[in-house]
Amino acid sequence: MSQDPVFISHASPDKPMAEAIREALADSGVDAWLDARELTGGDDLSQEIKSAIDAAEYFVVLLSVDGINSEWVGKETDHALAQGDRIKIIPVALDSKITPAGVKRFFGNRELLFLSLTDGKIQEFMPRLLEALGRVLPSVMEGPQLPRALPVDELILILDHAILNEEGGKRRAEAQACVIYHPADGSPDVEGETFSFVSPLGVIEANELSWYLERFPRWPGEAFRGRAKKIEADLPAWGRALFDAALTHSAAQTVYTGWQQGSIRAERRFTVKVEDIKGAAAAHLLGLPWELLHDGHGYLFQGATPVRVRRRLPNRRMKARLFTHPPLRVLLLAPRPDDEHAGFIDHRVAA
């Protein structure tokens, strides 16, 4: 017996509409049970239908004059009502003469969500049904008002001619650096002079940070807590060392101060752009923990105007602009089953 979440009850004359609803649900990833498709010759209609209703989460009943007068629709509805709150009943009117008040006794005077499909427009009806089934949130139907994006005050650290230097048993990435401030109000960019950037962090710090972020949470045993606490204590110092190397040089400090004093109504962003697209040095520079930038008072990503960090590589080729029009369709592959152990995954949250 299939475990379809939706049972569609309908009279024989309403079969084409029931089939159309089932197909539309299938296109949205929702399985529905129809007796015309599920039953074969010799099946016990009564028992098969009861079993299907028992396995369903939602009971959708199509109400037309034929549906209300149908013996089978009445029996199916009675069995669904006997389930109490375990199954959610959704009446759908196919005739404009069918009203909630008129069929209230048909459902034992229960307060139910009553949908209308009197114009036969399935595509306009399906979002309302999917909302009732809990497959989309009500805000989707209302046309959510997206918040307006704030203007961005951006500080760009450009790193070029990167090399790996090994001295004194330490391996460090070096590059020619330049800091540019791009104001949110459209004012001209402010560009600092070029200076030499030497990474204060090397392989040891990178390995320790990788262990702390990726492996320690999987096995946070007492034997490893000492190492973890030492790394936690080192994080502000690593962030301060990276801040000093990139932003306190005289060629960068004036630009940084201008960015720091930018508009309080703008979002602050720090971008690291590495001009070299090949080599281990470029990878090392991009892999530095820029999110840890610490000015001696706190991390830049904290506070009233937190800083977002992004990493960039140069674009060497012309590309046509991509224009899209709603709806934007997203394919989400979820690494867990959609069964009784894992509920519906809202793609807007997961994405």
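This is a predicted model: local features need pLDDT of at least 70, side-chain atom pairs count only at pLDDT 80 or more; totals for chains, interfaces and linings use all residues.
How many bridges pair β7 with strand β8, and in which sense do the two strands run?

**View 1. Strand β7 beside strand β8.** The pairing of β7 with β8, which spans residues 190–191, is antiparallel and comprises two bridges. In this view, V190 of β8 has Y181 standing opposite.

**View 2. The hairpin of β6 and β7.** Strand β6 covers residues 152–167 and strand β7 covers residues 170–182; the two run antiparallel and are joined by twelve bridges. E167 has K170 in β7 as its bridge partner. Two residues lie between the strands of this hairpin, and G168 adopts a positive phi near 60°.

**View 3. Strand β7 beside strand β9.** Strand β9, made up of residues 195–198, pairs with β7 over four bridges in the antiparallel sense. Within β9, V198 is the bridge partner of E174.

View 4. The side chains of K230 and D234 form a salt bridge with an N to O distance of 3.0 Å. Both residues belong to helix α9 (residues 222–247), and because they are four residues apart, about one helical turn separates them. K230 is exposed, its relative accessible area being 54%, whereas D234, at 22%, is partly exposed.

**View 5. The salt bridge of E111 and K104.** Here a salt bridge connects the side chains of E111 and K104 at 3.1 Å, N to O. E111 has a relative accessibility of 69% and therefore counts as exposed. K104 has a relative accessibility of 32% and is accordingly classed as partly exposed.

**View 6. The salt bridge of E275 and K273.** The closest N and O atoms of E275 and K273 lie 3.6 Å apart, and the two residues form a salt bridge.

**View 7. A network of salt bridges.** Which residues are linked in a network of salt bridges? The network consists of E154, R269 and R310. The count of salt bridges in the model comes to 13, among them those of K230 with D234, of E111 with K104 and of E275 with K273.

Definitions and conventions. Residues are numbered from 1 along each chain as its sequence is written. Side-chain values use heavy atoms; hydrogens and water are left out. Two strands pair if DSSP finds at least two bridges between them. A salt bridge is a side-chain nitrogen of Lys or Arg within 4 Å of a carboxyl oxygen of Asp or Glu. Buried means under 20% relative accessible area, exposed over 50%, partly exposed in between (1.4 Å probe, protein chains only).
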